[in-house]
Amino acid sequence: MDDLGVAVVIEDDADVRNLLEGVLTQAGFEVHTAVDGRAGVEVVRSKQANVVTLDIGLPDIDGFEVLRRIRNFSNAYVVMLTGRTEEPDLLSALNAGADDYIAKPFRPRELRARVAAMMRRPRHEAGGQRPSSTLGQAPAPAAPQADPAVLQHNGLSLNHRTRTVEVLGEPLVLTRSEFDLLHVLLKGGGAVCTRADLVRAVRGEFYDRDTYISEADERAVEVHVGNLRRKLKEDQLSPRWLQTVRGVGYRLAPRRPTDA
């Protein structure tokens with residue numbers, strides 16, 4: 001990794017801040033730092049950051065509020081750093097727009113690998129540019145497509161090449177992680193994907209088959225799946241796309257013959 005653009009470190013602990021600055025500088029970023037949340041927002045804005053590492057526990061405003069402010073003007077990749085891995089914290093971070101999180105203490109190699117995995121994904125959010133409308137209206141008839149990049153299931157269509165998703169002909173805007181999880185489930189064709197499988201889909205190459213998967217990693221996957229279901233407007237009693245396999249993971253719901 002080299003010449004990757006600008007990284008901003010928002011961290012009040014001097015030792016951690018210096019470590020992050022060193023890791024990201026060695027990776028090829030131009031690095032700027034801030035010791036509190038309000039200053040960090042302004043540095044991200046003025047330097048037009050490509051990547052931000054953001055501590056949750058800052059002395060002025062917490063990392064969740066900093067992230068919300070950043071998302072008002074920037075689509076930078078944001079990694080939350082936290083010593084807390086409870087589900088409400090993960091849910092707040094992901095819903096506020098974080099791309100990833102990493103628990104303290106962390107290994108420099110892991111942080112660098114996480115950042116590299118994020119930056120291999122497109123910067124835009126997966127989804128069409130057309131305005132959204134109510135789901136449930138059938139699309140106009142179209143000629144069948146044989147594009148191998150397109151996966152379809154029960155009226156849902158995912159194009160891996162363009163990273164777009166449609167449901168019954170209407171665009172569905174997903175985060176990068178949500179798109180990657182949905183892609184893995186569709187490729188599985190109904191086979192069960194364990195939570196560990198889905199963690200690896202989100203984390204990228206750093207998480208190989210021998211890497212320990214933490215409970216926090218698995219909870220983050222559950223949050224992503226919950227967000228996917230909310231956006232798909234799934235019926236919990238009769239899911240159309242995503243089924244829970246209790247104690248194991250998730251799989252596609254059975255195909256419906258009346259759907260595309």
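This is a predicted model: local features need pLDDT of at least 70, side-chain atom pairs count only at pLDDT 80 or more; totals for chains, interfaces and linings use all residues.
E110 forms a salt bridge with R107, with 3.8 Å between the closest N and O atoms. Salt bridges with shared partners tie D100, R107, E110 and R114 into one network. R107 itself comes out at 49%, so I noted R107 as partly exposed.

Next I looked up the salt bridges in general. I got a count of 15. One of them joins the side chains of D55 and K104, at 3.1 Å from N to O. That pair links distant parts of the chain: D55 sits in strand β3, K104 in the loop between β5 and α5, and they are 49 residues apart. D55 is buried at 6%, while K104 is partly exposed at 27%.

Then I checked R71, which forms a salt bridge with D99, the closest N and O atoms being 3.1 Å apart. Here the two ends are 28 residues apart, R71 in the loop between α3 and β4 and D99 in the loop between α4 and β5. R71 is partly exposed at 24%, and D99 is buried at 10%.

T82 touches I56, I102, A103 and K104, leaving aside residues up to four places away in sequence. With a relative accessible area of 4%, T82 is buried.

I found one cavity of 30 Å³ or more. Its lining is V199, V202, R203, D217, A220, V221 and H224. Helix α8 gives the largest share, four residues. By class I wrote down four nonpolar, one polar and two charged residues.

Note on methods
Residues are numbered from 1 along each chain as its sequence is written. Side-chain values use heavy atoms; hydrogens and water are left out. On a 1 Å grid over the protein atoms alone, a cavity is a set of points where a 1.4 Å probe fits but cannot get out, and a pocket is an open set with protein on both sides within 12 Å along at least five of seven lines; lining residues have an atom within 4 Å of a point. Grid points are joined across faces, edges and corners, and a volume is the space filled by probe spheres set on the points. Ala, Val, Leu, Ile, Met, Phe, Trp, Tyr, Cys and Pro count as nonpolar, Asp, Glu, Lys and Arg as charged, and the others, Gly among them, as polar. Buried means under 20% relative accessible area, exposed over 50%, partly exposed in between (1.4 Å probe, protein chains only). Contact means heavy atoms within 4.5 Å. A salt bridge is a side-chain nitrogen of Lys or Arg within 4 Å of a carboxyl oxygen of Asp or Glu.
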